[in-house]
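Work through the exercises below with the sequence and the model in view. Try each task before reading its solution.

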Amino acid sequence: MTTSTTPLLSAQGVRIAFPGRHGAPDARAVDGVDLDIRPGEIVALVGESGCGKTTLARALLGLVEPTAGRVTFDGRPLEYSGRSLKAYRRRVQLVLQDPNGSLNPRHTVYDAVAEGLRIHGHGGDERAAVADALSLAGLRPPERFLLRYPHELSGGQRQRVVIAGALVLEPELLVADEPVASLDASVRGEILALLLRLRAELGLSALVVTHDLGLAWNIADRVAVMYLGRIVETGAVEQVLTAPRHPYTRALLSVLPEAPGEPVVLTGEPPDPSRVPSGCRFHARCQILAGGEADRAGVADACRGRDPEILDGGGAAQVACHWAHARES
């Protein structure tokens, strides 16, 4: 459960554009995003590969500076250089999807977890801090693991070491990029349960970046669905996943194994972010527009010609869709 309505981390109008090659237009990877994460809240950021979710996460971590907009943490604007950025990265930690790529095969578990402490000049008892972090990550007793190497561990144990390396700095927020994508199905539930336990015991907030709406259902309080650089639907996980309002969210949900009816097959690939289409950026792939429902609702011209408003990033259920708004009015 969340403990405050005041955001811990907030993205406000964030845009990130990468220069095009050989005179091509800039690629608008993140194109006007508002997103809040409150203390003790887990937010799932969901979308297809290439939708901009990882780029947004990197900006929230201080790894990419926005072209426009700003990120605030605990009410203060994030600075992308200097001592304040180093202090910020202690409070906000990244958990990557592939523990094999995150862990140096030549480093013991002890050295892997202690690395952050050494970077940040930890002045306390390093061994005790490492042992505590391993215990929090579910590697108990920690003494069994301190001198092991990554190849001596299972995939789930390696991911727990990565999580321990984040926890050792006592962060307030974890950004987990596809945290269980590389794990066997039998282990995924254990890691998700661990993240939920850390939220309950430590009050940790988390942003979980994933393509899997099923994962969002199992772990998140709130979900934000991203398409071509924009948040197109957001709200409490129960609202969004049991009564999706955006056609893109409906399509993502329809391919889950437990979903009723036939899956919605989206035609084509997401558009090039350097050539964002006019109107709703989803309209060329929209099953509602293709099936004539948008015409019957009187919004087909708006779908093709007018971009829906940017969502404000707060906690209320919102959708950026002309058809959904017409149907609900």
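Buried means under 20% relative accessible area, exposed means over 50%, and partly exposed lies in between (1.4 Å probe, protein chains only). Helices (H or I, at least four residues) and strands (E, at least two) are DSSP runs, numbered from the N terminus. The model is predicted: local features need pLDDT of at least 70, side-chain atom pairs count only at pLDDT 80 or more, and totals for chains, interfaces and linings use all residues. Residues are numbered from 1 along each chain as its sequence is written, and side-chain values use heavy atoms, with hydrogens and water left out.

**Exercise 1.** Decide how far helix α10 (residues 247-254) is enclosed by the rest of the structure.

Solution. Start by listing the buried residues of α10: Pro247, Tyr248, Thr249, Ala251, Leu252, Leu253 and Ser254. Then compare with the length of the helix: 7 of its 8 residues are buried, so α10 is largely enclosed by the rest of the structure. For the protein as a whole, buried residues make up 52% of the 329 residues.

**Exercise 2.** Find the surroundings of Arg158 and state whether Arg158 is buried or exposed.

Solution. First locate Arg158, which is in helix α6 (residues 155-167). Next read its relative accessible area: at 16%, Arg158 is buried. Last, list its contacts (heavy atoms within 4.5 Å). Leaving out residues up to four places away in sequence, Arg158 touches Pro99, Asn100, Leu103, Pro150 and Leu153.

**Exercise 3.** Count the disulfides, taking a disulfide as a pair of cysteine sulfur atoms within 2.5 Å.

Solution. By this rule the count is 0. Check Cys51: the nearest cysteine sulfur belongs to Cys280 and is 15 Å away, and Cys51 is in no disulfide. Cys51 is buried, at 4% relative accessibility. Check Cys321 in turn: the nearest cysteine sulfur, that of Cys303, is 6.3 Å away, and Cys321 is in no disulfide either. Cys321 is also buried, with a relative accessible area of 7%.

**Exercise 4.** Compare the radius of gyration of the protein with that of a compact globule.

Solution. The radius is taken over C-alpha atoms, and the globule rule is 2.2 Å times the number of residues to the power 0.38. For 329 residues the rule gives a value near 20 Å; the protein has 21 Å, which agrees. Along its principal axes the C-alpha trace spans about 65 × 45 × 45 Å. The protein contains 14 helices and 11 strands.
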